[in-house]
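Colleague: I am new to this structure. Could you show me how to read a few of its features?
Modeller: Gladly. Let us look at it together.

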Amino acid sequence: MAAPDTPALRSSAVTAGAERTPNRAMLRAVGFGDADFVKPIVGVASAFSTITPCNIGLAGLADRAVESLRAAGTMPQIFGTITVSDGISMGTEGMKYSLVSREVIADSIETTCNAQSMDGVLVVGGCDKNMPGAMIAIARMNIPAIFVYGGTIKPGHLGGKDLTIVSAFEAVGEYSAGKITERQLLDVERSACPGAGSCGGMYTANTMSSAIEAMGFSLMYSSTMAAEDAEKSDSSAQSASVLARAIQKKILPSALLTRKAFENAIAVVMAIGGSTNAVLHLLAIAHAAKVPLTIDDFEAIRSRVPVLCDLKPSGRFVATDLHRAGGIPRVMKMLLAHGLLHGDALTITGATVAEMLSDVPAEPPAGQEVIRPWSSPLYREGHLTILKGNLAEEGAVAKITGIKHSSITGPARVFDSEEECLKAILAGKIRRGDVIVIRYEGPRGGPGMREMLAPTSAIIGAGLGDSVGLITDGRFSGGTYGMVVGHVAPEAYAGGTIALVQENDLVTIDAGRRLLHLDVPEAEIARRRSAWVQPPPRYRSGVLAKYARQVSSSSTGAVTD
């Protein structure tokens, strides 16, 4: 672990001996009195930012946590970490920094907490990479820790329908296809995001907050609370009190981040219909925690766990609806009752998962349709499937909800960037039966593994979601659905077979057989491989160049250490 040898009460060194007088003098300047030097120092890592609605409400949550930590007899010290808005940068060059930000967040939290010998940390985060970034740092440091999610946005409303940010992306495709007017497009844009909070469907932010709750690092029910509701602020204060007790009891992340915890998180992600990004992020967190976890483990759990929740992007409801229906604890109790959750896994409260769920009913409440009964799931098996084949020897991730057909064989339409592909879709150059290939968008080749929400939403908006396939070595937004396959590994920049696909080659996507295949003779593939030349890096200096030199394959979580 990256942490010093004594992870609990590490800051107590400030009380020891004359040589520590300068330390005490510095701390007095930020408010320490004589009696405070024996108290645990607790970091409050805040990703507050006005750059995105996901994080604009975090300052108030951090302040509530500080008050509660102080009342619990600790010395809270607030510090900032970064965030970027995936939704704002989507479809632009700026999106290349999104996955990079996960590493910056993790590194900044680890750096601050270890440099200042903090005894514990409470992280407050909202946008997609805040959650995995925090968990990677928590796993590395192994000091008592808890995560406070900033909360989900409430849905927008237009014409009697709930809207999310994905509604705006899909409206662009509808407008380009001549299905709606420019005025209707503007109405969607004006109505989609009514206030603070992370994107409202079961997209990446809400998926990862749910996974963290399942792993025991945040309080029950907290992952689906609305950002603007009073209970979210109260939950932040309660989280701080729980962390103070965890520091006293020396409950360390290494006791929580076990193989069982990761299996619980994967089961919950499958049951709620969560984002493909959960595969990437859980692999990265497991790497930091030194817990053996592979991409194949997701497939093994998928085959056992049904999709129980009817949530956007492919379903009908949003995260606030799930909260009213019982939230993640209700889903977890259903899984536990059917032997698909490890009840003996520990939570940050000191109680086990089973103990925390003891009073939660094992059936969904009557009068709602968000959580389906066990006897009538949305899908009998999980929705995130791992495909392999000559196009993805290390694996690829497909999300198979919301589609009528689980297989397609069609001519490849090849693009070496997201922008080239989007232009073709909006220009009406993609036809039914095509299989779009977007490459050189992987962790190293992009670099940064951009999300392809703009092209996939344009496909849906154009009415091609059930008849066009798409594969990429990039990622997908949690808002993506359709016949799409991402995280193709090895990526094109590393010489993966996806780099060898030519226009009009036949490509097969078959979720039922878990197959991603280039229908070209092996001898021809070998000839193309021998002629392939790695393109020059797109960046030679700065953050993206450094990231491209360090990052691993998406099949291992796209980690940098």
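Colleague: Which residues of helix H20 are buried?
Modeller: First, a caution: this is a predicted model. Buried means under 20% relative accessible area. In helix H20, residues 542-550, the buried ones are Leu544, Ala545, Tyr547 and Ala548.

Colleague: How should I read that spacing?
Modeller: Start with the general idea. An α-helix has 3.6 residues a turn, so residues three or four places apart point the same way. Now the case here.

Colleague: What covers the buried residues of H20?
Modeller: The cover includes helix H4, residues 98-115.

Colleague: H4 again, then. Which salt bridge does Glu110 form?
Modeller: The general idea is a side-chain nitrogen of Lys or Arg within 4 Å of a carboxyl oxygen of Asp or Glu. Glu110 pairs with Arg140, and their closest N and O atoms are 2.8 Å apart. Glu110 sits in helix H4 and Arg140 in helix H5 (residues 130-141), so the pair ties together parts 30 residues apart in sequence.

Colleague: Are Glu110 and Arg140 buried or exposed?
Modeller: Both are buried. Other pairs read otherwise. Asp310 and Arg316 meet in a salt bridge at 2.7 Å, N to O. Asp310 is buried, with a relative accessible area of 7%. Arg316 counts as partly exposed, at 45%.

Colleague: What about Asp510 and Arg513?
Modeller: They form a salt bridge too, with the closest N and O atoms 2.9 Å apart. Asp510 counts as buried at 13% relative accessibility. Arg513 counts as exposed at 58%. Salt bridges can also share partners: Asp86, Lys129, Glu451 and Arg475 are joined that way into one network.

Colleague: How many salt bridges does the count come to?
Modeller: The count comes to 33.

Colleague: Now pockets. How much space lies in the largest pocket?
Modeller: About 580 Å³. To read a pocket, ask what lines it. Here 21 residues do, and Lys161, Asp162, Leu163, Ser167 and Glu170 lie nearest the centre. Strand S6 (161-163), helix H6 (165-176) and helix H7 (182-191) are the elements that give two or more residues to the lining.

Colleague: Which element gives the most to that lining?
Modeller: H6, with five residues.

Colleague: And what is the make-up of the lining of the largest pocket?
Modeller: Sort the lining residues by type. Nine are nonpolar, six polar and six charged.

Technical notes. Residues are numbered from 1 along each chain as its sequence is written. This is a predicted model: local features need pLDDT of at least 70, side-chain atom pairs count only at pLDDT 80 or more; totals for chains, interfaces and linings use all residues. Side-chain values use heavy atoms; hydrogens and water are left out. On a 1 Å grid over the protein atoms alone, a cavity is a set of points where a 1.4 Å probe fits but cannot get out, and a pocket is an open set with protein on both sides within 12 Å along at least five of seven lines; lining residues have an atom within 4 Å of a point. Grid points are joined across faces, edges and corners, and a volume is the space filled by probe spheres set on the points. Helices (H or I, at least four residues) and strands (E, at least two) are DSSP runs, numbered from the N terminus. Ala, Val, Leu, Ile, Met, Phe, Trp, Tyr, Cys and Pro count as nonpolar, Asp, Glu, Lys and Arg as charged, and the others, Gly among them, as polar. Buried means under 20% relative accessible area, exposed over 50%, partly exposed in between (1.4 Å probe, protein chains only). Contact means heavy atoms within 4.5 Å.
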